[in-house]
Amino acid sequence: MLLSLLKILFFFAVVLLVSLGAMRLSETGQMLRLEYAGTEYALTPVKAVVALLVLMVLAWLVFKALGLFLAFIRFLAGDETAIDRYFARSRERKGYAALGEGMLAVASGEGKLAQDKAAKAEKYLNMPHITNLLSAQAAEVAGDKARAGQVYRTLLEDDRTRFVGIRGLMRQKIDEGDTATALLLAQKAYALKPRHRELQDTLLDLEMREHDWKGARQLLKEKRKQGELPKDVHIRRDAVLALQEASEVLAEGNSISAREAAISANKASPDLIPAAVLAARSYVAQKDYRNASRVLEKTWSVRPHPDVAAAYAEIVPDETPAARLTRFERLIAKNPNDEESRLLRAELLLAAEDFPGARRALGDLAEKHPTVRTLSIMAAVERGEGADDSVVRGYLARALTASRGPQWVCDKCHNVMSDWAPVCDSCGGFDTLTWREPDKAQAVATATKGAEMLPLLVGGPKPQPGRSDRAEDGALADPVPEVSPPPAAKPRSDAPKIRRTEVADVAPGMVPRESDYVTIEPVSTVTTPEPAPVMPEPVKVEVQPMPAPQASPQATAKPAPERPFDRDERPEPVLVRPDVLPPEDADWTEGKARP
């Protein structure tokens with residue numbers, strides 16, 4: 001800038017001097033006299049100006065000729081010249097053009113074209129840290145993983161591209177499924193750029209895949225120091241990682257370390273239900289029942305959950321239903337208006353056989369929010385109060401298609417999981433599981449926490465001979481008993497029906513077929529099953545086929561011969577499951593009252 005200003009000033013000075021000289025000569029009328037080698041030259045003012053211009057042009061030509069001669073001498077000496085600079089600029093233009101076209105080809109997914117442009121750019125440009133990167137990306141787009149890996153290893157030799165090379169190799173190992181090697185590469189890349197956010201997330205994901213919970217917790221701590229993670233989010237995620245670490249340590253048999261980690265996770269996040277349950281069980285193992293109750297009651301006040309109630313029952317596993325109801329009042333009082341608290345109270349009252357109290361505790365939940373659990377409780381209440389079997393079956397039939405209630409649902413992909421986990425098994429989201437009701441019904445029914453009836457909270461079930469899947473209080477362990485759907489209505493015939501009773505000769509829990517019904521003497525339906533006495537001799541029961549409908553309404557059906565039983569040989573009443581529909585042609589279904 002200063003040089004240009006000096007040139008301009010010099011130009012104006014020369015013009016000014018020439019103008020002043022010409023004016024002086026014109027005013028005096030004198031001529032310019034020059035003497036050279038004994039010869040005198042007399043020039044008029046006009047001729048003097050023309051001579052000066054010619055002299056300036058000649059001087060410029062002399063300087064140009066001298067510059068060209070010096071350039072020729074430098075060219076012969078091997079120095080850089082204008083010709084070299086011209087060809088160098090031409091190569092750079094071609095190289096940058098190929099580089100730009102290669103980057104566009106990589107972005108558009110044209111692998112072969114990108115490789116060609118990368119080779120051309122590498123030929124014209126002397127910038128391997130850029131052309132090698134384009135070559136690696138082009139090889140990846142073209143599917144040549146070996147070539148890409150080779151170029152990434154070349155990038156490791158340059159300090160400017162070492163991070164890019166490590167990151168590229170790390171991504172290749174992740175795609176290949178080699179998470180152990182990918183974790184080592186991610187740790188090296190993190191040492192080079194600890195503030196790289198994408199690398200931090202990748203490293204955290206790899207550490208969780210490899211179950212490196214301590215490393216993941218340390219990474220979260222560093223992110224918190226860098227300001228990349230809010231304090232509340234850091235506390236929550238650190239609690240989740242501490243809980244998972246405690247679970248694995250407990251599985252390895254180190255109960256002391258697991259106990260400390262679980263208690264730490266619960267203190268960091270009291271609303272983390274699995275952490276509260278594990279911490280409470282750790283206190284129970286230490287026989288510290290007071291702290292176990294305190295932890296569960298605090299969690300219940302924040303977020304009631306069936307697992308919390310189950311852990312609360314394990315504190316005193318051998319208490320009577322009445323004593324358990326009294327002890328649980330303290331837990332329920334922490335959040336009495338929550339739906340889970342109402343369901344828990346109803347189930348405890350069922351265990352104590354207070355059926356009217358269970359109905360009052362349940363309220364209108366079966367109508368306002370019908371779920372498998374609420375409808376199962378209502379069915380148990382109706383059965384306990386001696387309601388008709390059709391009422392009980394009605395509730396159980398509704399339970400088959402009702403909502404499963406709250407479940408562990410991923411907030412990111414809406415996947416439903418049966419148990420809590422720190423990572424969703426569908427989308428891989430971290431800490432995305434929430435205990436809530438799914439937005440829509442799932443096509444496949446999954447077993448859910450809370451569908452069981454909480455009278456089963458009586459500690460660990462003790463197997464007894466002759467009893468299968470039943471709790472000590474007699475409640476059904478399966479939340480949804482199998483119910484046979486009602487058969488399609490058949491046209492009634494005016495022909496007289498044979499008075500007989502048929503029952504299904506199937507194992508409990510099986511849906512009977514038409515051929516499974518056995519004809520016996522009419523008996524009363526037993527609503528409260530009792531164990532049948534041991535028969536001295538087995539009684540053979542003749543199986544009668546179902547009568548086919550008559551072609552004509554005037555035709556009369558002949559009664560099928562029945563085997564006469566002696567009074568002493570008459571069989572005992574057969575127990576009929578209330579959740580299995582009786583045959584349609586039973587005598588008490590023909591507009592008659594049930595005996």
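Helix α7 passes helix α8 in a left-handed crossing, a crossing being left-handed if the near helix is turned anticlockwise from the far one by less than a right angle, and right-handed if clockwise. The contact (heavy atoms within 4.5 Å) is made by Arg162, Phe163, Ile166, Leu169, Met170, Lys173 and Ile174 of α7 and by Thr181, Ala182, Leu185, Ala186, Lys188, Ala189 and Leu192 of α8. The axes of α7 (residues 162–176) and α8 (residues 179–192) come within 9 Å and cross at roughly 155°, where axes are lines fitted to C-alpha atoms, for helices over the stretch in contact, and angles run from 0 to 180 degrees between N-to-C directions. The two helices are therefore roughly antiparallel, a term that applies to angles over 145 degrees.

The model is predicted, so that local features need pLDDT of at least 70 and side-chain atom pairs count only at pLDDT 80 or more, whereas totals for chains, interfaces and linings use all residues. Residues are numbered from 1 along each chain as its sequence is written, and side-chain values use heavy atoms, with hydrogens and water left out. Helices (H or I, at least four residues) and strands (E, at least two) are DSSP runs, numbered from the N terminus.

Thr374 lies in helix α20, which spans residues 372–384. With a relative accessible area of 0%, Thr374 is buried, given that buried means under 20% relative accessible area, exposed over 50% and partly exposed in between (1.4 Å probe, protein chains only). When residues up to four places away in sequence are not counted, Thr374 touches Leu343, Leu362, Leu365, Ala366 and His369.

An open sheet of 3 strands was also found, with antiparallel pairing and the order β4-β3-β5; strands pair if DSSP finds at least two bridges between them. Its edge strands are β4 (416–417) and β5 (433–436), each of which pairs on one side only. Strand β3 (residues 407–410) runs antiparallel to β4 and is joined to β4 by 2 bridges, and Trp408 has Met417 of β4 as its bridge partner.

A search of the whole structure finds 0 disulfides, a disulfide being a pair of cysteine sulfur atoms within 2.5 Å. Cys424 is in no disulfide, and the nearest cysteine sulfur, that of Cys413, is 3.7 Å away; Cys424 is buried, at a relative accessible area of 4%. For Cys427, the closest cysteine sulfur is in Cys413 at 3.5 Å, which is too far for a bond, and Cys427 counts as partly exposed because its relative accessibility is 31%.

Definitions and conventions. Angles under 35 degrees count as roughly parallel, over 145 as roughly antiparallel, 65 to 115 as roughly perpendicular and the rest as oblique.
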